[in-house]
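Please study the sequence and the structure before reading each solution.

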Amino acid sequence: MMQFDRKDKDDASLLALYKILLYPRMVEEKMLILLRQGRIGKWFSGIGQEAIAVGSTLAMQGDEYILPMHRNLGVFTSRNIPLKKLMAQWQGKISGFTKGRDRSFHFGTQDYKIIGMISHLGPQMALADGIALADLIANRKNATLVFTGEGATSEGDFHEAINVASVWNLPVIFLIENNGYGLSTPINEQFNCKNLVDRAIGYGIEGIQLDGNNILEVYDKISEVAKSIRENPRPVLIECLTFRMRGHEEASGTKYVPQHLFDTWEQKDPIKNFEKFLIAEKILNEDIIASIKSGFKSDIEQEVEAAFNEEEPTANNTTELDDMFAPYSYKETPPSEGKTEKRYIDAITEGLREGMQRHDNLVIMGQDIAEYGGAFKITDGFVAQFGKSRVRNTPICESAIVGAALGLSINGYKALVEMQFADFVTCGFNQIVNNLAKTHYRWGEKADVVVRMPTGAGTGAGPFHSQSNEAWFTKTPGLKVVYPAFPYDAKGLLIAAIEDPNPVIYFEHKYLYRSLSGLVPDGYYTVEIGKANVLKQGEQLSIITYGLGVHWALEYLNNHPEISATLVDLVSLQPWDKEAVANAIKATGRVIILHEDTLSSGFGAELSAWISENCFEYLDAPVMRCASLDTAIPMSKILEDSFLAKSRLGEKVSKLLGY
């Protein structure tokens with residue numbers, strides 16, 4: 001028999017614990033029946049692992065966040081989420097947490113302080129870092145609990161999140177459910193250390209291994225750890241040994257698992273063993289067990305059938321599009337009359353400083369941004385003004401930091417992340433396109449995060465420090481993308497991005513940092529996202545551009561005063577100003593789309609398609625694009641100049657005017 005230590009728990013407490021442990025098992029058994037009946041289509045079973053979910057959840061306070069996986073039904077039931085609501089979620093009903101937009105436990109709920117996973121498994125660990133960081137900054141004595149499986153411990157997200165938590169002393173419990181298999185891959189093909197908990201040593205944190213099938217061991221030890229880290233913030237890694245008694249999901253089966261493992265772990269069933277213990281303690285008997293199960297069965301049947309009768313989603317494209325973003329009504333803060341000549345880079349610094357002063361819950365994070373002031377010195381002096389809790393140097397781990405930014409947003413903060421170079425965003429790409437971009441659409445939670453992107457060529461920095469990668473993000477629903485070309489817009493647009501509760505990718509061109517100056521209003525003001533600037537009005541052709549392309553176009557037109565052109569600086573790429581573009585086409589009938597990015601699938605392709613579809617009747621010539629070569633960006637100035645779209649602008653203008 002499994003050994004249980006009741007410690008100071010009275011009979012009523014142990015009986016209550018048994019009921020909470022039993023309930024998710026009975027729900028699962030009902031789900032398996034429904035699956036065989038064809039009434040549900042998919043199920044990820046946690047049978048045999050309930051003690052981990054239940055014990056750890058009960059160890060946490062009700063206002064503390066838990067980030068579970070898709071086999072942790074006991075987390076949701078232990079937080080007393082009505083089964084009808086859960087069933088509506090699983091069945092894609094409108095009353096589910098995601099309104100039919102996602103399945104299983106891929107959702108969050110602020111009402112119950114549960115943040116569900118995405119299918120990529122590891123990224124939620126960084127969210128836990130951000131949630132805990134918010135608690136730490138606010139001096140709330142809370143712990144955060146995040147689950148992962150043994151398979152996901154191979155992901156970079158696992159290592160990044162634990163390292164950040166260790167460096168920052170974040171009160172996070174990282175709980176590994178080691179159930180022996182990642183789908184069909186056994187643990188000996190996943191890692192080569194004896195125990196996963198031993199990895200704690202490498203991060204300088206505590207590691208604890210538990211019998212994950214012993215409800216009292218899980219509950220007592222995690223209660224102890226949580227209590228400790230609330231007072232002495234630090235991360236702890238806990239490995240719970242258990243076994244998955246069903247398939248990865250029911251359709252995958254279990255033929256790849258040797259029978260002797262099932263036989264062994266069947267003897268370690270968390271519910272049967274706890275029942276035996278409670279019977280021996282004279283707290284349970286067969287009649288009490290039968291009565292409890294009968295009551296649960298009736299309740300489960302009623303809740304499940306009620307959920308089947310819930311309303312199905314109604315397809316409404318306007319609603320779907322609107323729900324990609326958190327509701328937000330932009331209110332302009334007009335500029336002051338006082339203006340000062342400032343460089344582009346200084347305008348960004350001012351915008352960031354104004355944002356930090358106006359929003360005391362804004363946290364900025366990035367590599368070398370604290371005492372050093374950032375690679376480009378944009379945050380120089382910020383630590384002295386705002387303190388290290390809000391101006392945070394980060395390890396080199398873009399994924400974890402973007403994830404932490406989302407965690408900060410979930411727990412009441414605003415976050416701004418500086419990519420040292422826009423090129424490095426690839427290391428945090430998943431968090432941006434699958435977490436930041438989709439969170440509000442999936443379960444109605446804002447992602448109040450700005451990602452600053454020092455971008456662009458012209459400095460001979462080569463293939464890994466010069467890319468124009470805005471098209472990666474303009475393609476992704478749920479992101480706002482801005483790209484100021486002038487100091488005025490750089491400051492006001494950054495402040496507007498900080499105010500907006502939605503994820504904003506803020507491109508800033510490195511070449512313009514110290515080469516461009518302009519009059520910038522003093523103090524706090526905003527520039528509306530989604531509005532273009534018409535810099536010149538003309539009749540012969542229109543040039544639609546943004547970023548450094550604006551200055552290429554201005555230089556060309558200033559050198560060719562004989563050409564009458566309308567010049568539109570888009571400023572924002574998502575959303576973009578369709579009215580301004582349409583008006584330019586109507587005024588001239590000819591258009592060149594100019595951008596620094598490469599030609600194929602650059603943002604200009606989207607503009608061209610839209611113009612062709614919506615402004616065809618006003619065109620007197622084909623829409624033309626002027627973009628950079630479809631190659632990587634070379635370092636040599638001679639090669640770089642030839643690569644860039646600027647070298648072909650005159651040729652394109654002549655071709656268009658001669659059509």
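**Exercises on aromatic rings**

In this predicted model, one aromatic cluster is formed by Phe429, Trp472, Phe473, Tyr483, Phe507, Tyr546 and Phe603. The structure holds 24 aromatic pairs.

**Exercise 1.** Determine whether the pair of Phe76 and Phe105 is stacked or edge-to-face.

*Solution.* A pair of aromatic rings is described by the distance of the centres and the angle of the planes.
- Step 1: the centres of Phe76 and Phe105 are 4.2 Å apart, and pairing requires centres within 6.5 Å.
- Step 2: the angle between the planes is 10°, and planes under 30 degrees apart count as stacked, so this pair is stacked.
- Step 3: Phe76 lies in helix α3 (residues 73-78), while Phe105 lies in the loop between α4 (83-90) and β2 (108-109).
- Step 4: Phe76 counts as buried because its relative accessibility is 0%. Phe105 also counts as buried, at 3%.

**Exercise 2.** Classify the pair of Phe421 and Phe424, stacked or edge-to-face.

*Solution.* 
- Step 1: the ring centres of Phe421 and Phe424 are 5.5 Å apart.
- Step 2: the planes stand at 70°, so the pair is edge-to-face.
- Step 3: Phe421 has 14% relative accessibility and therefore counts as buried, whereas Phe424, at 23%, is partly exposed.

**Exercise 3.** State over which rings the charged ends of Lys377 and Arg392 sit.

*Solution.* 
- Step 1: the charged end of Lys377 sits over the ring of Tyr372, 3.3 Å from the ring centre.
- Step 2: the charged end of Arg392 sits over the ring of Trp168, 4.4 Å from the ring centre.

Note on methods
Residues numbered from 1 in each chain as written. Predicted model: local features only at pLDDT ≥ 70, side-chain atom pairs only at ≥ 80, totals over all residues. Heavy atoms only, no water. Phe/Tyr/Trp six-rings, centres within 6.5 Å; stacked < 30°, edge-to-face > 60°. Helix = DSSP H or I, 4+ residues; strand = E, 2+ residues; numbered from the N terminus. Buried < 20%, exposed > 50% of the residue type's maximum accessible area, 1.4 Å probe, protein only. Lys NZ or Arg CZ within 6 Å of the ring centre and 35° of its normal.
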